[in-house]
Amino acid sequence: MLHQLLKTINPPNPISISLPKPPQNPLNQNSFEQIYRNIRNLLLSLTHSRSLPKGLQLHAHIIKSGLLTIPLISHHLINFYSKTQLPLFSRQIFFETPHKSPTTWSSVISSFAQNELPSLAIQFFREMLVNNIKPDDHIFPSATKSCAILGRFDIGLSIHCLALKTGYETDVFVASSLVDMYGKCGKIKVARRLFDEMPERNVVSWSGMIYGYAQLGEHEEALMLFKQALYERLDVNDFTFSSVIQVCANSTLLQLGKQIHGLCLKTNYDLSSFVGSSLISLYSKCGVIEGAYRVFDEACLKNLGMWNAMLIACAQHSHTEKAFGLFKQMEGLGVKPNFITFLCVLYACSHAGFVEKGQHYFELMKEYGIKPGDQHYASLVDLFGRAGKLQEALSIIRAMPIQPTESVWGAFLTGCRIHGNTELAAYAADRIFELGPVSSGLHVLLSNAYAAAGRYEDAAKARKMLRDRGVNKETGLSWVEEGNKVHTFAAGDRSHAKTKEIYRKLEELGDEMERAGYIADTSFVLREVESEEKNQTIRYHSERLAVAFGLITFPPDRPIRVMKNLRICGDCHTAIKFMSKCAGRVIIVRDNNRFHHFEDGKCSCGDYW
């Protein structure tokens, strides 16, 4: 094992460490204890510094000295290889250890859990029980962490039962790990009950609950819990901050996110890569791409998560060339991309129409040993579909080595809708129905494609199918953040306190837009009604109401940022271009796919979205 790894490590300068010599008199107990202490201290130091070459030399010395028989030495060696991300070496040490103490078992199980080998951790946990070794407060958390990674609530529940039987359910470390496991497995009510019953809580239990709520989209609960943690003067960590910042990002709460960013700066957690990734996501999702760049550029250490967060931010804000530049920079620095990285660059290609570039990145995945998944194929189909190459997109689907999923056919349907090909859309719909129950979004796509082609009866049938399955279409909403308040609008909404001013502003702006050349495109009203009614319907879409509110509320030098849960319709996209020109304002609209930066009558997407 050692000589194979030593061949792969060729340090630029010779490494010299002071190794203790074996005692001249083996019977000298004091000499032996001194050697043990020296070896232990050296191992702890090298583990802390993650110095693999020196650690390998020390490991060789331990073997020669016959010290591997000491369980604690084995424990420190297993931990060393765990921290240097070589968990299979940890396993080898475990097998070579003649006397396996509970500490030895704990070390190897922890090594697997910490290095994303949860199945091995569970396997060794079972073997430990077979060998009549009782788990303790160190082993239980590693086992529950592995269950959380695997999403195996059933195994986690069994481990919880074992903790109850052995009296560890009240231990703060065990109970906290169980709360974290239940939260990550989506069993938030179980997690909360256990959390509330804990006699003592630590940062892991608080963070686990906050993350669990955030993961399920229960943002208010997550924020309330974070506020309570601060009130109780809990020393929150970077994982806690990361979860709360993601809540702000997903809720587009920019002002609150900025306050938490300030708290991170005060506590030095802004240096954490986890926090950095979340901050990039926060500023990007809230339409402040400059803030995302600033966080990324100021980071001293960038992990892969930060690179991926910046890549997707560039893609969503139409900074396509910047995304390509970042990918090239990653390669130059030796940062190995993962499957998420390629999803980001494929997304950038898709929303900019770079078909050849997208094909290049898709093929490049194989060079990195990454097998394309259904999401990568969905991005590739989306790339061809948006570019109008529908037959090529269909050929990709038919040639897929895996079964096409809902996301793949959804991408194809989107291309059919953009280019008005209802025949291929109907073919795709037939294939979708063969998949069984699917999301409401795909049914709505089909219905809208029929309606856009004037086939209102077919559209009605598709919507009836939705109703028969008990699925409701998502209501289109747009919202604007003003201070600590979020103003939400629906199409034709007249419930806002400033309704009169909003509609008056739209009337004034509408006249000015028409003089500038704007003509409403009523084909985006997917109902069979009179043309005048279509004009009135499209005039008061939620995003226009939100823009009008921004115009009468915010000072002229402040960009108007509007968030939307559905895709912006083509006519509203055109209308907001005219609004930005006539009002002389910067308007940023985020729909469910990307950001549109409107300024002086132009959009950053180049009308390709």
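These legends describe close-up views of a predicted model. Local features need pLDDT of at least 70, side-chain atom pairs count only at pLDDT 80 or more, and totals for chains, interfaces and linings use all residues. Residues are numbered from 1 along each chain as its sequence is written, and side-chain values use heavy atoms, with hydrogens and water left out.

**View A. Helices α10 and α12.** The axes of α10 (residues 172-184) and α12 (residues 203-215) come within 8 Å and cross at roughly 5 degrees (axes are lines fitted to C-alpha atoms over the stretch in contact; angles run from 0 to 180 degrees between N-to-C directions). The two helices (DSSP runs of H or I, at least four residues) are therefore roughly parallel to each other (angles under 35 degrees). Ser-176, Val-179, Asp-180, Gly-183 and Lys-184 of α10 are in contact (heavy atoms within 4.5 Å) with residues of α12, including Val-204, Met-209 and Tyr-211.

View B. Strands β1 (residues 477-482) and β2 (residues 485-490) pair in the antiparallel sense over 6 bridges (strands are DSSP runs of E, at least two residues; pairing needs at least two bridges). Leu-477 has Ala-490 in β2 as its bridge partner. There are 2 residues between the strands, and Gly-483 takes a positive phi near 60 degrees.

**View C. Lining of the second largest pocket.** The lining has 16 residues, with Leu-223, Leu-253, Leu-256, Gln-259 and Asn-484 nearest the pocket centre (a pocket is an open set of points on a 1 Å grid over the protein atoms alone where a 1.4 Å probe fits, with protein on both sides within 12 Å along at least five of seven lines; lining residues have an atom within 4 Å of a point). Elements giving two or more residues to this lining are α13 (219-231), α15 (254-267) and β2.

Technical notes. Parallel < 35°, antiparallel > 145°, perpendicular 65-115°, else oblique.
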